[in-house]
Amino acid sequence: MTERRPFAITLDVGSSLANLTGTWRTERPVYVHRLPPCSAACPAGEDIQGWLYHAEEGDYESAWRAIMERNPLPAIMGRACFHPCESACNRVQVDEAVGVNAVERFLGDLGLERGWRIEPGPDTGRRVAVVGSGPGGLSAAYHLRRRGHAVVVFEAQADLGGMMRYGIPAYRLPRDVVDAEVARLAEMGVRFEVNHWVDDVNALLAQGFDAVVVAVGAQRGRDPGIPAGDAARILDAVGVLRSLEEGDPPSLGRRVIVYGGGDTAMDAARTATRLGATETVVVYRRTRDVMPAHDEEVLDAEAEGVQMRWLSTISRSDEGRAVIEIMTLDDEGRAVGTGQFEEMEADTVVLALGQEADLSLLDSAAQVHVSDGVVHCDEHQRTGDPRIIVVGDASANGADSRTLTRAIGQGRLGADAIDALFEGREAQVDSPRAPASFDRLNTWYYSDAERTVRPRLEVARRRDTFSEVVGGLSVDDALFEARRCMSCGNCFECDNCFGVCPDNAVIKLGAGEGYAFNYDYCKGCGICVAECPCGAIDLVPEPR
Amino acid sequence: MSTERTPVRFYQVGSFAVGNRLVELERRSAQSDPTRANSLTSGHRACAGCGEALGARYALDAAMRASDHQLVAVNATGCLEVFSTPYPETSWRLPWLHSLFGNAAAVATGVAAGLRATGRGHVRVVAQGGDGGTADIGLGPLSGMFERNDDVLYICYDNEAYMNTGVQRSGTTPGAARTATTEAVGEHPGNRFGQGKDLPRLAMAHEIPYVATATVADLFDLESKVERAMEISGSRYLHILVPCPLGWGSVSSDTIRLARLAHQTGLFPVFEARDGDVSAVTPIRHPEPVESYLRLQKRFAHLFTREGEVADRATVARIQAQASRNITRYGLLGRDDD
Amino acid sequence: MQAQLEGSQAVARAVALCRPDVVCAYPISPQTHIIEALGALVKSGQLDAEFVNADSEFSALSVTIGASAVGARAYTATASQGLLFMMEAVYNAAGLGLPIVLTLANRAIGAPINIWNDHSDAMSVRDSGWVQLFAETNQDAIDLHILAVALAEELSVPVMVNVDGFILTHSIERVDLPSADEVDSLVPPYLPRQSLDPLDPVSIGAMVGPEAFTEVRYLAQVRLQRALDVIPRLGEHHLEVLGRSSGHLVQGYHLDDAEVVVVAMGSVLGTIKDVVDDLRANGEKMGVLSITCFRPFPAEAVRRALERATRVVVIEKAFSIGYGGILSTDIALALRGRSTPIHEVIAGLGGRPVWADSLRETFLAALEGTLVETTFLDLDHSLVDGELARVAQRRRSGPAAENVLRDLEMSRRDS
């Protein structure tokens, strides 16, 4: 005869669920979404961790679409962006930065290869003119089309792309890539008018455009007015790069001095080498550590034989020679002349001392304020006239760092400002997020994995060709690189919290859904917080 | 959504984290499974951050998976027993028996014999106890079980003292550690340095088919050892280091960190042995000095100044020497001595 | 089947007939022959059971506990120190309500170490919650083991069958060993009250605090007391199947007219009955009450059996140092409210023979009304007096046992 179970000594399984240990808690864990340093550093405002998350799974289309939320030109940016995200990447403190740029290029190329499309929004009947087809203009055009507004892009040159075509040498950014990504915009319904110089923004408004995006860029090289003999050959770097693109490469001679220390100087020097110069020297008035050019560019230039001459200014140029003044740095780090001079042989001096915008089209716009050659804008790129938006190098916002990426970011902001104007709403602001700093990570959990190096064209083959120097990642390498992402500050579903809780107080919601805390049982021990690899859990005082 | 299948064998967090959405389901840990056994479920009365509660669920869930839930557990008296089964509630979700403090191994032997004798030999048996129940009061029955090679997996959750009774010294308490019976006073504060009661090596001396050590900091390692143990019949011994916030005087959130440091410093060698010989070690991945482990625990606070400087260099050096000896003995830096 | 068998062999055969699933053994005199015999039966294939050689008595009973908890019929045997060494598990088995059967080959407890018979070991666990049965003969031992298995499993309580060490375990007697069919009809297949089963998991062995501990103990008392009803019932079943029965709580001998009744447990009853027979032949109105079930104590049956007695003499092989007889205390409690004089006679300690002559002298004194309240049968007064004198003289008088042995040797030489 089987009786009921013995009283008290024998218990029914799992009955402790009646004991709600959550009442012990003085602090509670909460899931947070912090701002990873890559995104914080991205001038285009890309959610890098977000799109890498999809790439990690091999879901490249979702990854590409996540990029396209912010940046319509991933194949271009995957080549030409100077990737401040990588400089900011927390993984630098573990081994090396995640190769975000390389993965972006992989995804951008894959998007082109597979012909992935973004659909325009439903037609709103609004019309917007975009002046300039550089990165800022294209970005604005794209985002406006996504909202359903009609867009016409006016381009003064014969071909589209602005600085992407006329400023960045082909060995860094092949033109077919530019063509392909621009073509995708055309397929979205963006209309392009080439060889169309816009000289008055108000005229466009008068023609019936509801708003204008001014994205004219900075196309004019700055001329410091170096004393020069009649026979001196002094060219402007932007002009050299443009004429090369127009199929009319200038003759630079064997010995070329490039004057300046920015990325354009590097582009000019490397171009000179490719055009036959045997001795290319970059002359810069300060030192390497304060040189504005990106390291990667400097290293590539040096690898290709370009020489650097620091603490030097050109005080005079004559046929076949230039006079250099040796500089020194004062207490505040400024370059000051020493009065010592040297001569250098130079067939050509190429000036790469920065560019200026031609803003004459804004002369008639009384409420648009221009000073120091740039237009004052609010944080949504709006000028004093809310219908006129200025993005890219012509904008005063971030003028100290004129990059493609910044222009793309501003293009999106400007497009949103216009849409907000049309809709009668506030322009969007990314909600502030606390930073996902390195000290919040538990890096133990990440696999040891050094960065994948992108293949590079051998130096010997670079000297006489404009073939692309940096190659793309293979599928395997791209996946590997994506998986190096530590997903700083944002859950990537590693199940650690779910596993390490001694009280089973974490509920797994399913793939892509993350987790929730079961506060009935959570004792607030904080192990989940300590062991979350990416710092996506905070411990906060228990509410009273 | 297009998902590409590629042969890439790098998975972001590899096997360090509990789960990994990037690997196939069958290669994921038992703990990452939302339908895991939860052999020890919520509502138990362990302290916040208890390493033993965690270790027990890790081990038993893995054993449940490996045995297709055909498992019976026998428990020695101790924290695990007390916090899991105070009348009228139990946190266990598998057949579970508590008899006494010192007899878990023998009871498990009886369970295995009883199951076999009644035609249920496929049901597997796990015995579990703390370091007191295993190394001290239960050593005789444990040794007998080993010697007879009874078909039981014995798991010791080692928190290095009698925590249930208020943190008194046990046979596995490390040298210099303060406990309620080895106070940090006098000329040699804390526990005396002895030879230590090295349970895994004692188990190996019985030449049982499988002996392994693990910590709650390395789930995959722990689970794979449980699974390996469950593939074998005869006596098997698994020794799991489970930090105790109460007894060690550590922050409750540091439980896994401490277990990890115990391994990374070399103080707790993680290895496995077959038939009495070491067959594999889990190498140290990021070597750490013992100080970084000791500093986090109030039971070693007397070795440091208030500012965290080493106050007792000789003792810290002695502990470091123990770690170094383990590193050499087991080849924990991944070097093959052969 | 009639056979001349050593007591241990007889017990082993009886146990084997009960088809235990698990037999666990750790050797201790005088239990060894029982487990050796069982081991041989398992090894030869005559008994299909798991035989576990334990590493201690503590382990032996623990193994049995584990086996019983998964619904296996489990058996072990021990004696004396072994019982003490498993003491914690003895209480545990009872507390968990596991129907284990244990043979206790009764033996004295040291120090001084002594391997011979008395009942100190059994008395040390009388409060543990086990049923304790005492065998008077080897036939009794056989039948009580068969009854014990059925009793344990019906009530889900552990049962200890007490068999006097050496006196019964090592003596060869003619016994009637029941057939397998007979035992099968007396011991139905085991249906455990609770069992560890993955298909119906439970937690056995919870921690119970003040809020329910009294109730748990009360229920244990109620359950153990039920044995007082079940034992006679099982005894009747034995009578039907075997034509004899040991299944009684107490057994009277010439109680109809007895004025002086001798009460005892175990093998000493044989000698007692011989002496009483002699005295009755001389017209003395004497009787005997044998206690078969010591725990639970059959107070009501004792009270009824001693209704006509004018004087009670309790012969017991153990005592509570510092007070006196243990069985006599229980008898006194059972006779609460009556004025019947109760005499306790401590006899047979550590294997001391209980001579018929000594008993006759004692019984005659009881009949004459001159028996003192407490007697240590055949106590060598000169020896203890010598030692007591020594202790009184010197603080460091040395170990008593050795002193007494030396005195004994001296007196032997003198004679």
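Domain bounds here come from an automatic or database domain assignment. For chain C that assignment gives domain 1 (2–242), domain 2 (250–376) and domain 3 (386–414). Keep in mind that this is a predicted model, where local features need pLDDT of at least 70, side-chain atom pairs count only at pLDDT 80 or more, and totals for chains, interfaces and linings use all residues. Residues are numbered from 1 along each chain as its sequence is written, chains are lettered from A and ligands numbered from 1 in the order in which they are written, and side-chain values use heavy atoms, with hydrogens and water left out.

Let's start inside chain C. The C-alpha centres of domain 1 and domain 2 of chain C sit 27 Å apart. In contact terms (heavy atoms within 4.5 Å), 26 residues of domain 1 of chain C meet 23 residues of domain 2 of chain C. Together these two domains bury about 1800 Å², 61% of it on carbon and sulfur atoms; buried area is the accessible area (1.4 Å probe) that two parts lose on being put together, summed over both.

What about charges across that interface? There is 1 salt bridge by the rule, meaning a side-chain nitrogen of Lys or Arg within 4 Å of a carboxyl oxygen of Asp or Glu. K273(C) pairs with E136(C) in a salt bridge, with the closest N and O atoms 2.8 Å apart. On the domain 1 side, the elements giving two or more residues are α6 (120–124), β6 (131–134), α9 (213–225) and α10 (227–242) of chain C. These are DSSP runs numbered from the N terminus: helices are H or I, at least four residues, and strands are E, at least two. The largest share, 4 residues, comes from β6(C).

Now over to the neighbouring chain. The contact takes 39 residues from chain B and 36 residues from chain C, and the area buried between them is about 2700 Å², with carbon and sulfur atoms giving 64%. The rule finds 2 salt bridges across this interface. E50(C) forms a salt bridge with R116(B), the closest N and O atoms being 2.9 Å apart. On the chain B side, β1 (71–75), α2 (79–84), β2 (96–98), α3 (104–117) and α5 (139–148) each supply at least two residues, and α3(B) gives the largest share, 10 residues.

β2(B) runs parallel to strand β9 (residues 202–204) of chain C, joined by 2 bridges; two strands pair if DSSP finds at least two bridges between them. Within β9(C), I204(C) is the bridge partner of L97(B).
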